Amino acid sequence: MTFHELARGENDFFFQADPAWLDDTPLRPASIEVGANLPRLVPAADIDDAPFLVIWELTQACDLACVHCRACAIANRNPLELTTDEGFRLLEIIREFGDPLMVFTGGDPLKRPDVFPLLERSVQLGLRTTITPSATPLLTAGAIDNFQRCGVARMAVSLDGPDAPSHDGFRRVEGSFARTKFALDYARQIGLPTQVNTTVTRHNLAHLDDIAALVQASGACLWSVFFLVATGRASASQDLTAQEYEAVFAYLYNLSKSAPFDIKTTEAQHYRRYVAQQRKAENRPGAAHHAAPEVIQRQVGINDGKGFVFISHTGEIYPSGFLPISAGNVRRDSLIGVYGHSPLFQTLRNADNLHGKCGDCEYRNLCGGSRSRAFSLTGEYLAEDPRCVYQPKLTARRHSPPPALALPAVLPG
Ligand code: SF4
Ligand code: SF4
């Protein structure tokens, strides 16, 4: 399972600079994860210094062969992966950021024999630690017991169809659906919190209701719904249209009002815009059409490189696993320095740099569109998100956008 398949709110936390704007929003105390409808309050300035979420891709090895795999995972490990000692040191550095959510992902983290010592060290350091194992025979009761023994806060597994033919067809390995159900059942039995990740594509668009029913039956805390980025093995032909994104947003938003689990989206930053529009419309009739742009612009949301950093299996430092542009490598560069001061990360954190309608949009700080999707579909990471139907109300941007940085794309090695 790839990193983005976990999340915790990878791009769905809000940084609320103006509580008055969402004064009627039900807020929960900060927790390891929150649903997209449950903003977490964090000072906006914090994201310039430290990420809210750190993903470490321990390996790209995995025994599944999913059609959409970002990592183009293969069965064998890369000898250039970060070593155990490098991993320990990386975790110490991540702790220096403060209290980010730490996600162990892959590939399949269970393909590394040192995964449990690494998890243990992460928890000992005080990092809120989660893991995204792949649903293969490596995901045994013993492995799940070990997650719990190490102090893992949550285990996330994927479910991409309502039955074995649809799920296994997507994951391209027979038995994955049964293993996913086993893992969820066993974790529930021993009291380990779980989340279910679903990637919405053309193949399962008509089955979201059935999948949601399985999520509910599993007792998972969170349904994390991913939207496709055409990178790795994923192709744009599997993706939804912008109008279909909007329809799924409506489905999720309505479901969120009654579901016993939280719902969040990943790589659908514009779901925040949708939620904001709905709330304004519901709480102050007509206000959605007249919300003051200058107020909306003070809302800040996590995005690639903005509250978020991804460490590849070989130590490359990316704004996101879906945005394979390296700003450095933890073997030679300071992770803290790269996050805080590299031109790439600094550029991504300033929504005024965005191009096209995202740059003109009053929601650009709260949303900003998927930088990864913009890059994958246009080759330009500051371009507008091609999968958004919204037409900004602002007639002119405040600043002319600078040209995009001419940085080389570095594919995960
Ligand atoms: S093959 Fe599937 S489970 Fe394995 S890393 Fe890729 S997306 Fe995740
Ligand atoms: S135009 Fe861009 S910034 Fe505005 S809501 Fe759509 S994706 Fe978000």
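These questions and answers walk through a predicted model of one protein chain.

Visitor: How many helices and strands are in the protein chain?
Guide: This is a predicted model. The protein chain holds both kinds of element: 13 helices and eleven strands.

Visitor: What share of the protein chain counts as buried?
Guide: A residue is buried if 20 or more other C-beta atoms lie within 10 Å of its own. The protein chain has 413 residues. The buried share of these is 52%.

Visitor: What percentage of the contacts with a separation of 6 or more comes from residues 24 or more positions apart?
Guide: The count takes in contacts in the protein chain with a separation of 6 or more. Residues 24 or more positions apart account for 76%.

Visitor: Are α1 and α2 roughly parallel or roughly perpendicular?
Guide: Helix α1 covers residues 84–96, and helix α2 covers residues 115–124. Their axes come within 10 Å and cross at roughly 20°. Angles under 35 degrees count as roughly parallel. The two helices are therefore roughly parallel.

Visitor: Is the crossing of α1 and α2 left-handed or right-handed? And which residues of α2 take part in the contact?
Guide: The crossing is right-handed. From α1 come Thr84, Gly87, Phe88 and Leu91. By class, the contact has four nonpolar, three polar and one charged residues. On the α2 side are Pro117, Leu118, Arg121 and Ser122.

Visitor: Is Phe116 buried, exposed or partly exposed?
Guide: Phe116 lies in helix α2. It has 17 C-beta neighbours inside 10 Å. Buried takes 20 or more, and exposed takes 12 or fewer. Phe116 therefore counts as partly exposed.

Visitor: Which residues does Phe116 touch, not counting those up to four places away in sequence?
Guide: Phe116 and Phe147 are 31 residues apart along the chain, with C-alpha atoms separated by 7.3 Å. The residues that Phe116 touches are Asn146 and Cys150.

Visitor: Is α4 roughly parallel or roughly perpendicular to α5?
Guide: Helix α4 spans residues 164–171 and helix α5 spans residues 176–190. Their axes come within 8 Å and cross at roughly 105°. The range 65 to 115 counts as roughly perpendicular. So α4 to α5 is roughly perpendicular.

Visitor: Which residues of α5 make the contact with α4?
Guide: On the α4 side are Ala164, His167, Asp168 and Arg171. The contact has three nonpolar, two polar and two charged residues. The α5 residues are Ser176, Phe177 and Ala178.

Visitor: Where is the cis peptide bond that has omega near 15°?
Guide: Gly107 sits in the loop between β3 (101–105) and α2. The cis bond runs from Gly106 to Gly107.

Visitor: Cys72 has a positive phi although it is not a glycine. What is the value?
Guide: Cys72 is in the loop between β2 (53–57) and α1. With 15 C-beta neighbours inside 10 Å, it counts as partly exposed. Its phi is about 45°.

Visitor: Is Glu267 buried or exposed?
Guide: Glu267 lies in the loop between β8 (262–266) and α8. Its phi is positive, about 60°, although it is not a glycine. It has 29 C-beta neighbours inside 10 Å, so Glu267 counts as buried.

Visitor: Which residues come nearest to ligand 2?
Guide: The shell around ligand 2 has 15 residues. They divide into seven nonpolar, three polar and five charged. Helices α8 (270–283) and α12 (356–360) each supply at least two. Nearest are Cys358, Cys361, Cys367, Gly369 and Cys388.

Methods. Residues numbered from 1 in each chain as written. Chains lettered and ligands numbered in written order. Predicted model: local features only at pLDDT ≥ 70, side-chain atom pairs only at ≥ 80, totals over all residues. Axes fitted to C-alpha atoms, helices over the stretch in contact; angles between N-to-C directions. Helix = DSSP H or I, 4+ residues; strand = E, 2+ residues; numbered from the N terminus. Parallel < 35°, antiparallel > 145°, perpendicular 65-115°, else oblique. Left-handed = near helix turned anticlockwise from the far one by under 90°. Contact = placed C-beta atoms within 7 Å. Nonpolar A, V, L, I, M, F, W, Y, C, P; charged D, E, K, R; others polar. Near = placed C-beta within 6 Å.
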